[in-house]
Amino acid sequence: MQRPFNRALAGAAALALALASPAQAQVGLTSNTAAVTLNATKASTLTVSPSVATATLASITDNSTANNFSNVSLTTDWNLTAGTSVRLVGWFATPASALVNGTALIPSSKVEGGINGGGFSPFTGAAVGTVGVAGGSLQLFSQAVAAANYFSTRTDVLNLRLNLVAFPTTTAGLYTGTLNVQAIVQ
């Protein structure tokens with residue numbers, strides 16, 4: 001009687017082997033290779049950061065160029081993909097009244113600027129591209145750029161003064177104004 005049992009056992013073992021064969025054939029099977037393209041964009045940047053929000057002149061001296069404001073450090077950073085120059089421009093929105101004390105005005109032609117102690121020029125120039133206004137702008141620097149320095153930074157000291165030589169006597173009081181400083185890629 002053990003024979004039918006052995007046959008049944010042998011049959012069950014054969015069946016188990018037959019069912020196991022397809023499972024063993026699947027080991028190591030791989031799918032197709034699917035590719036996913038990754039695109040990441042870094043936008044170009046151009047920023048100007050002043051070291052202080054206010055430059056001061058303690059006391060105006062009439063008929064003099066000895067009217068120096070406190071210096072302002074300007075850091076210009078850029079990360080570009082094109083262009084031939086980065087230009088920094090200072091400008092007054094209303095050149096006729098760069099500094100105001102009630103009804104007393106000092107025009108931008110009497111405000112002078114320079115970079116890194118390199119001399120003074122008045123804010124009387126034209127806009128540079130889309131930056132500045134006619135008669136109230138001054139290009140502070142022009143830095144050539146190419147692939148080697150499309151990512152760079154520079155820090156400059158902005159020197160400012162009032163040139164009141166041959167200007168009417170100023171009215172006592174506080175004169176205030178806003179000098180805009182902006183960079184442009186050309």
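1. Helices and strands are DSSP runs numbered from the N terminus, a strand being E over at least two residues. By that naming, Asp 156 sits in strand β9. The model discussed in this note is predicted.

2. Overall make-up. The protein has 10 strands and 1 helix. Of the 186 residues in the protein, 28% are buried. The accessible surface amounts to about 11500 Å², and carbon and sulfur atoms hold 57% of that surface. Among contacts between residues at least 6 apart in sequence, 73% connect residues at least 24 apart.

3. The sheet of 5 strands. This open sheet has the order β1-β2-β9-β6-β7, with antiparallel pairing. Its edge strands are β1 (45-50) and β7 (121-122), each of which pairs on one side only.

4. Strands β1 and β2 are antiparallel and are joined by 6 bridges; one of the bridge pairs is Val 48 with Thr 76 in β2. Between β2 and β9 there are 8 bridges, again antiparallel, and here Asn 79 has Phe 151 of β9 as its bridge partner. On to the next pair: β6 (residues 111-115) and β9 (residues 151-162) run antiparallel with 5 bridges. Gly 113 is bridged to Leu 160 in β9.

5. The sheet of 3 strands. A further open sheet has the order β8-β3-β10, and its pairing is antiparallel. Strands β8 (137-144) and β10 (180-185) are at the edges with a single partner strand each, so one side of each has no neighbour in the sheet. On average, neighbouring strands of this sheet are turned by 20° against each other, direction ignored. Strand β3 (residues 85-91) is connected to β10 by 6 bridges and runs antiparallel to that strand. Leu 88 has Ala 183 in β10 as its bridge partner.

6. In soluble globular proteins, nonpolar side chains tend to be buried together. The largest nonpolar core in this model has 26 residues, and the residues with the most contacts inside it are Val 86, Leu 99, Val 111, Leu 158 and Leu 162. At least two residues of this core come from each of β2 (72-79), β3, β5 (104-106), β6, β8 and β9. There is also a second, separate core of 5 residues, including Val 89, Trp 91, Val 128 and Ile 184.

7. Leu 162 in detail. What does Leu 162 contact, leaving aside neighbours within four places in sequence? Its partners are Leu 57, Ile 60, Ser 64, Thr 65, Asn 67, Phe 69, Leu 99, Ile 106, Lys 110 and Val 111.

8. Asp 156: buried or exposed? Its relative accessibility is 3%, and because buried means under 20%, Asp 156 counts as buried. The side chain of Asp 156 makes a polar contact with the side chain of Asn 116, at 2.8 Å. Not counting residues up to four places away in sequence, Asp 156 touches Val 72, Ser 73, Leu 74, Ile 115, Asn 116 and Phe 141.

9. Phe 92 as a buried loop residue. Phe 92 is located in the loop between β3 and β4 (99-101). With 5% relative accessibility, Phe 92 counts as buried. Setting aside neighbours within four places in sequence, the contacts of Phe 92 are Ala 98, Ser 108, Val 111, Phe 123, Val 133, Gly 136, Thr 178, Leu 179 and Asn 180. The C-alpha atoms of Phe 92 and Leu 138 are 9.3 Å apart, although the two residues are 46 residues apart along the chain.

10. Two residues with positive phi. Most residues other than glycine have a negative phi. Asn 63 has a positive phi, near 55°, and lies in the loop between β1 and β2. Asn 63 is exposed, at a relative accessible area of 53%. Ala 166, in the loop between β9 and β10, also has a positive phi, near 60°. Ala 166 is exposed as well, with a relative accessible area of 70%.

Key
Residues numbered from 1 in each chain as written. Predicted model: local features only at pLDDT ≥ 70, side-chain atom pairs only at ≥ 80, totals over all residues. Heavy atoms only, no water. Pairing = 2+ DSSP bridges. Helix = DSSP H or I, 4+ residues; strand = E, 2+ residues; numbered from the N terminus. Axes fitted to C-alpha atoms, helices over the stretch in contact; angles between N-to-C directions. Buried < 20%, exposed > 50% of the residue type's maximum accessible area, 1.4 Å probe, protein only. Contact = heavy atoms within 4.5 Å. Core = buried A, V, L, I, M, F, W, Y, C linked by side-chain atoms within 4.5 Å. Polar contact = N/O pair within 3.5 Å; in protein donor to acceptor, adjacent residues only side chain to side chain. Areas by Shrake-Rupley, 256 points an atom, 1.4 Å probe, with all protein chains shown as cover.
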